[in-house]
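The sequence and the structure are shown first.

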Amino acid sequence: MTDYNIKLTKQTQQQGPVNRWVLDFPITDSTATLAELTETGFVFQGWVLLHKAAAIQIYLKQGAVVSYFALDKPRPDVVQVILKQDAEQHPQLHCGFRFSVALSAADFILGVVQDGQYFPLCDGHISGPFKVLEGKDNWLFLDNDTNKSVEQFTGKQLLETSAKQGWQLYMQKLQSYAAEHQCRHALLMAPAKEAVYTEFYPYKKGVLTPVEQVMHSVPDGLNLCYPVAALRQSTQRSFRITDTHWSPFGAMLASVELAVSLGLNRLEVEALFVNDQYRGALLIGDLGNKLFPPKASEEWLLKGFSYRKSVVSDNGLANFGRTLCLANEQALVQQHLVIFGASSSYSMLDYLCRIFGRITLMHTAGNIDPNVLAELKPDYLVCQTNARYVVRAPDADYSLATVIAEKTKENQ
């Protein structure tokens with residue numbers, strides 16, 4: 001659940017008829033859920049003392065919309081402590097306000113109005129936990145994420161020596177595991193959105209990026225699938241506008257490129273999806289959800305097919321440690337595909353389960369568990385990571401059992 005942050009900028013105490021005022025709630029840097037902001041009503045509470053008793057109202061301005069509220073709550077504590085006077089029958093006893101309102105804009109102004117004159121007391125701004133870059137034509141991109149996506153794309157953040165060495169060791173072990181178990185393999189790197197749709201991105205690509213550093217260090221014989229060209233050249237949009245992930249159509253293109261890189265016939269694979277149909281839907285996405293109010297865009301979703309009908313088992317864990325097993329007797333090849341994957345793998349399942357008769361997907365972000373691999377003995381091995389993760393090399397000696405045990409304990 002996303003928590004939104006409320007920042008406040010308060011004006012001076014004396015504004016027009018106002019002598020002193022306090023906003024009890026919200027306080028600056030407080031947080032609220034989307035439901036609290038937009039559904040149940042967000043609470044504003046405080047008090048306003050005037051130079052002399054007069055008729056005023058509290059106003060809240062959101063964009064062009066202004067709402068008015070009464071200053072009518074008794075606050076004997078304020079009269080006694082601040083004015084040091086007897087509260088009973090005091091002309092400013094009812095100096096408090098408390099109201100709830102659904103917020104619909106990222107910026108708001110709280111103030112008082114007297115005889116048609118507006119006196120702002122406080123400016124507020126609502127933002128998500130992460131900043132979001134707004135590119136051309138309303139395209140959204142990651143900004144201050146922990147992987148430093150902007151710095152990676154502009155070439156300011158490159159691989160450290162330890163990361164380079166880590167990647168070399170990881171790729172060597174991936175090759176070794178594939179040879180040991182006699183399975184075809186691929187390292188699938190899901191391109192960053194900005195690498196595919198550079199025309200909408202507000203920054204210029206650097207001369208050298210971490211992704212390119214990894215690609216330049218790929219040893220002979222390692223099968224790297226980086227489908228940036230297919231995603232970029234697509235006539236249909238391959239990434240979602242308000243999300244970091246590729247669209248369902250983009251997932252299909254990536255699945256085709258992955259299957260071809262594993263040795264399957266392109267024409268046979270593409271024929272599986274030629275009659276697929278898509279429907280339009282308004283979706284918010286993981287980037288649109290970081291804005292307030294959340295921003296949605298029209299996306300095209302696959303209709304008439306879902307991999308969920310092929311799910312044999314699912315441990316239901318969130319993110320790392322989740323394990324899915326699928327089976328489809330009508331798939332193109334009745335062989336076992338094992339994926340040590342990340343978030344981009346899930347949307348590929350609608351297509352991969354029609355290519356491969358058995359699939360085991362483990363959410364490890366490309367980290368390989370050699371014990372699980374030895375137990376499953378797959379025909380095809382895919383390690384999928386997202387391009388923005390490459391600043392840290394995956395682990396080729398990962399323990400999925402440890403992760404699952406820890407998360408299961410947390411959920412008990």
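Lys-193 is buried (under 20% relative accessible area, where exposed means over 50% and partly exposed lies in between, with a 1.4 Å probe and protein chains only) and yet has no salt bridge. A salt bridge is here a side-chain nitrogen of Lys or Arg within 4 Å of a carboxyl oxygen of Asp or Glu. The nearest side chain of opposite charge to Lys-193 is that of Asp-286, 6.9 Å away; Lys and Arg count as positive and Asp and Glu as negative, while His and the chain ends are not counted.

The model is predicted, so that local features need pLDDT of at least 70 and side-chain atom pairs count only at pLDDT 80 or more, whereas totals for chains, interfaces and linings use all residues. Residues are numbered from 1 along each chain as its sequence is written, and side-chain values use heavy atoms, with hydrogens and water left out.

**Surroundings of Lys-193**

Lys-193 belongs to helix α5 (residues 193-196). Helices (H or I, at least four residues) and strands (E, at least two) are DSSP runs, numbered from the N terminus. Which backbone oxygen lies 2.7 Å from a polar atom of the side chain of Lys-193? That oxygen is the one of Leu-140. The side chain of Lys-193 also reaches the backbone oxygen of Asp-243, at 2.9 Å. A polar contact is a pair of N or O atoms within 3.5 Å; within protein, one must be able to donate a hydrogen and the other to accept it, and residues adjacent in sequence count only if both atoms are side-chain atoms. Contact in the wider sense means heavy atoms within 4.5 Å. Not counting residues up to four places away in sequence, the residues that Lys-193 touches include Trp-139, Leu-140, Phe-141, Phe-239, Asp-243 and Leu-287.

**Pro-294**

Pro-294 sits in the loop between α10 (285-288) and β15 (297-303). Its relative accessibility is 23%, and Pro-294 therefore counts as partly exposed. When neighbours within four places in sequence are left aside, Pro-294 is in contact with Tyr-4, Leu-34, Ile-284, Gly-288 and Asn-289. A separation of 33 Å lies between the C-alpha atoms of Pro-294 and Glu-406, which are 112 residues apart along the chain.

**Enclosed elements and strand pairing**

Helix α11 (residues 344-352) is largely enclosed by the rest of the structure, because eight of its nine residues are buried. Among them are Ser-344, Ser-345, Tyr-346, Met-348 and Asp-350.

Strand β12 (residues 184-190) is mostly covered, with six of its seven residues buried. Two strands pair if DSSP finds at least two bridges between them. β12 pairs with strand β20 (residues 380-386) in the parallel sense over seven bridges, and Ala-190 stands opposite Asn-386 in β20. Parallel pairing also links β12 to strand β13 (residues 224-225), over two bridges; here Leu-187 has Leu-224 of β13 as its bridge partner.

A further sheet is open and has six strands in the order β3-β1-β9-β8-β5-β6, with antiparallel pairing. Its edge strands, β3 (30-33) and β6 (65-70), each pair on one side only. From one strand to the next, the twist averages 30°, taken between axes that are lines fitted to C-alpha atoms, with angles from 0 to 180 degrees between N-to-C directions. Within this order, strand β5 (residues 57-62) and strand β8 (residues 107-114) pair in the antiparallel sense over five bridges. Gln-57 stands opposite Val-113 in β8.

**Salt bridges**

How many salt bridges does a search of the whole structure find? The search finds 13.

| Salt bridge | Closest N to O distance |
|---|---|
| Asp-397 and Lys-173 | 2.3 Å |
| Glu-257 and Arg-266 | 2.8 Å |

Asp-397 is partly exposed at a relative accessible area of 44%, and Lys-173 is partly exposed at 24%. Lys-205 counts as partly exposed at 36% relative accessibility. Glu-257 is partly exposed at 22%, as is Arg-266 at 33%. Salt bridges that share partners also join Asp-24, Arg-75 and Asp-77 into one network.
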